[in-house]
Amino acid sequence: MPVRGVVSPGSAGASMNATQRYGARMRGVGVLERVGIVVLLLLLAISLAAPLFVTDPVISVGPAFQPPSLQHLLGTDDVGQDIFARVMYGMRTSWLSAVAVIASAIVVGGLIGLVAGARGGWVDSLLMRLTDTFLALPGPVLAIAVAAALGASLRNTVIGIAVVWWPWYARLVRGEIRSLAARPHVDAARLSGVSRGRLMFRHLLPGAIPPVIVTASLDIQILVLTLAGLSFIGLGAPAPSPELGAMAARGADSLFTSPWIPLAPGCAVFILAVAANLAGDGIRDLFDRG
Amino acid sequence: MTFSRDGRDLHALRGVDLRIAAGEIVGLVGESGSGKTVLGLSMLGLLPKSARVEGVVTVDGVDITRASEPMRRKLRRSALGAVFQDPMTSLDPTMRIGRQVHEVAGSTAEVLRLLAAVGIPGGQRRLRDFPHELSGGLRQRVMLAIALAGKPKLVIADEPTTALDVTVQAQVLTLFRRMRDEHGCAILLVTHDLAVASTVADRICVLYGGLVAEVGQVRPVLDHPGHPYTAALMTSRIRLQADRRHQLPVIAGEPVQPSTDPAGCNFAPRCPAATPLCVEKRPLLTVVPAQGGLAACHYHAGEDVARGLSRVAGLWGPSVPTAGDGGVTVRRLSVRFPGRRGLRRSEPFDALREVDLDVNRGESIAVVGESGSGKTTLLRVIAGLQAPTSGSVVLGGAGRMPQMVFQDAGSSFTPWLTVGQHLYERVAHLPMATQGERVSEVLNRLGLPAEVARARVQQLSGGQRQRAALARAVIEPPDLLLCDEPISALDASLAATVLNLLGRLRRELGFGMIFVSHDLAAARLVADRIIVMTGGRIVEEGPPDNVVDHPSNPYTQALLASVPQVSTCR
């Protein structure tokens, strides 16, 4: 954009403090996206703090099939467990599992992408063919296979998904690194005599972080839905533990008699996914303005 | 006009009056940040939404900055044409050029007529070419054909020749004049290069810090500049006839920050003739008696300043190339870029063909040629950034890595690291205590304030970027400094500053230098020896004055003929 170059040859942002800069950036983010970010942060805070203010989700707290009341905000289920407590714990699990998958994907994929992009040549070919192999595996099927082999548990489901998730990050990071590596500042750094490690981690990697954060924030929503789906078909923690997908599946029988039992976890997934999606869009806007 | 960005106001233009008459060519000259591109865009009604416009830009009787979008479109279609710096990015890469011109021209006959008019040979056949199949000069001609297709009253050309080779530049500039004569359209030629403006324009308008510094007929203005800034641009421009023994006269200081709004003359902080009145009161455009143009200076001190600047420009000490250790020896060096097979087929390309070159310790060599001549590849091989296909490069001395100054100083810094971090990287092998000393020493040597070390490169002005890049290169004095077109994108006064700096540093620190440029005038000033390259071969070699005054090779003669010159009576 020629205009930018012309109007700001000097010190864009130099005389602003961090708060002002933040404020100026936030102005580029739409209202819906801001709501998304706020809701997501709120949900995160509530569900992380869940153990502090709700009852243990796996004990029976009263009679079964109670409709929502002041005492049990979302009623009780078929064995008398408090649904509000279970939904809170369920969101917490969803969140943490999604974050765990993304974190592992960023670390593994990021490292492989970085090395492949920075080294190029046969190292690049080898690492990328390996990545392609994993890309070819269908995610849910692999998760089922892992669960079948190691037993159905939340941990195994997360491992199953993580195995197919990192290749996307590897490709993304490699692409970014490749385009950065062709820029003059990398040649200049080489001539400055910096070590290979420093070149990769100081002169290349930071440039790939913004797109990774944007992708990660949009991925949360997909993961929340994927995990809920797998747990719905029985691939997740076994029965009593609170998981949104499993709860909805178990309550599906009583949809017409006690609709709150399946609807509460269903709506929780829905809200979580929408909020995460909006927040992801917001974060993308933040970085695109960049 | 004021821009609002990140919550702050940036004054791009601060009250500019300019009238372009029908059929007139106006050269709009200014350094980067002077507001010249913004002025061009505002005439096209292409300003971003964040721009706050005061005043009017009237095109054909309509204020285009406030007109509705359909109205603007109509104006652009009927009255305006535009040519931008980089024709590759302004043409649609997926569309054949025939269709792109046809979109505006309306009929194939008209397309052919236009292509012929802008000097594209081979008419009919060319219609089916894609932009990437054309050379830079031809692409710019296509842009011009599109701009002319709507029979515009005004064509706005923003740095149309900056990305082109000098010989092509000369042809395109001639074309502009012919288009005006044949079509009668007015042209606003936006450029940082005074010489380019003076070769084609009828009138010249010099912008400084968002204000018109001077405006008037080309010849009188350049002969008797009324504004000190115009005078500084004139005296510091790099001429083929310049005295090699003297430093170039330059004006010190940084351009006015767009975030500030000085009450007085915005050139006052840099002006050698400034008085307290200049700081308090902003001068208005008044008639300069000597030439009849208008200049915004209380004293019309241009000519005094010019004389003063030339007087203070110092003499160079001797440049002493010594045979022996520390130079570089290049033998039978060839680089071939292999072609591609398959869908995106391309032929192999010989960038260098058996080049021999010796650079003595402390010697300064200028390598002159156009794009594709192999000059940049030669630099990259010597720097170790490109492997040769055959031949050898032997670096003498202690085997210290040569350092390089890139064409765009800003892009040679990693954007998220501070300038200081880049400097420390270069001296990382020294003990901690010495590192800090070396950094402050080199900043001092290049006249940079200490704060620069804490800034990222985007926060620096163009001049500071150049200095920072040089600081990084010489913080550990190299045996050899490689310069890749370091001044080709700079305005006259900044280019002269950089050449002076290079000359001073090389005499102080005793390093050898290979200076790659397309500009024979600059090469003549910095070099002890000039080498002319074309097609990957060295075609001429010799002392600067011999090469410039008595070129033996026809290619050198062609290069010399196309160097744009400011033609004055003096």
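User: In this predicted model, which residues point one way from strand 21 of chain B, and which the other way?

Analyst: The general idea is that in a regular strand the side chains alternate between the two faces of the sheet. In strand 21 of chain B, Arg529(B), Ile531(B) and Met533(B) point one way, while Ile530(B), Val532(B) and Thr534(B) point the other way, and all of them are buried. The strand, residues 529-534, is accordingly described as mostly covered, with six of its six residues buried.

User: Which strands pair with strand 21 of chain B, and in what sense, parallel or antiparallel?

Analyst: Strand 16 of chain B, residues 364-368, pairs with strand 21 of chain B in the parallel sense over four bridges, and strand 22 of chain B, residues 537-542, pairs with strand 21 in the antiparallel sense over five bridges. Thr534(B), in turn, stands opposite Arg537(B) in strand 22 of chain B.

User: How many residues lie between strand 21 and strand 22 of chain B in their hairpin?

Analyst: There are two residues between these strands in the hairpin, and Gly535(B) in the turn has a positive phi of about 55°.

User: In what order do the strands of the open sheet in chain B lie?

Analyst: The order is 18-19-20-16-21-22, six strands in an open sheet whose pairing is mixed. The edges are strand 18 (403-405) and strand 22 of chain B, each of which pairs on one side only. From one strand to the next the twist averages 20°.

User: Which helix lies across strand 16, strand 21 and strand 22 of chain B?

Analyst: Helix 21 of chain B, residues 554-561, lies across those three strands and runs at about 100° to strand 21 of chain B.

User: How should I read a helix, and what span should helix 18 of chain B have?

Analyst: An α-helix has 3.6 residues a turn, so residues three or four places apart point the same way. For length, at 1.5 Å a residue the 18 residues of helix 18 of chain B (residues 492-509) should span 26 Å, and the end C-alpha atoms are 26 Å apart, which agrees. Of the 18 residues in helix 18 of chain B, 13 are buried, so this helix is largely enclosed by the rest of the structure.

User: Is Ser517(B) buried or exposed, and which residues does Ser517(B) touch?

Analyst: Ser517(B), which is found in strand 20 of chain B (residues 512-517), is buried, because 24 other C-beta atoms lie within 10 Å and the cut-off for burial is 20 or more. Not counting residues up to four places away in sequence, Ser517(B) touches Ala366(B), Val368(B), Glu485(B), Ser488(B), Ala522(B) and Ala523(B). The C-alpha atoms of Ser517(B) and Gly369(B) are separated by 6.8 Å, although these residues are 148 apart along the chain.

User: Which residues have the most contacts inside the largest nonpolar core?

Analyst: That core has 246 residues, and those with the most contacts inside it are Leu189(B), Leu499(B) and Ile514(B). Its largest share, 17 residues, comes from helix 5 of chain A, residues 83-119. As for Ile514(B), once neighbours within four places in sequence are left aside, its contacts include Val359(B), Ile365(B), Val367(B) and Leu379(B).

User: Which residues are in contact with Val173(A), and where is Val173(A) found?

Analyst: Val173(A) is found in helix 8 of chain A, residues 154-181, and counts as buried with 27 C-beta neighbours inside 10 Å. Leaving aside neighbours within four places in sequence, Val173(A) is in contact with several residues, among them Gly109(A), Gly113(A), Leu114(A), Ala208(A) and Val212(A).

Terms used:
Residues are numbered from 1 along each chain as its sequence is written. Chains are lettered from A and ligands numbered from 1 in the order in which they are written. This is a predicted model: local features need pLDDT of at least 70, side-chain atom pairs count only at pLDDT 80 or more; totals for chains, interfaces and linings use all residues. A residue is buried if 20 or more other C-beta atoms lie within 10 Å of its own, exposed if 12 or fewer, and partly exposed in between; C-beta atoms are placed from the backbone. Two strands pair if DSSP finds at least two bridges between them. The expected span of a helix is 1.5 Å times one less than its number of residues. Two residues are in contact if their C-beta atoms, placed from the backbone, lie within 7 Å. Axes are lines fitted to C-alpha atoms, for helices over the stretch in contact, and angles run from 0 to 180 degrees between N-to-C directions. A nonpolar core is a set of buried Ala, Val, Leu, Ile, Met, Phe, Trp, Tyr and Cys residues joined through C-beta atoms within 7 Å.
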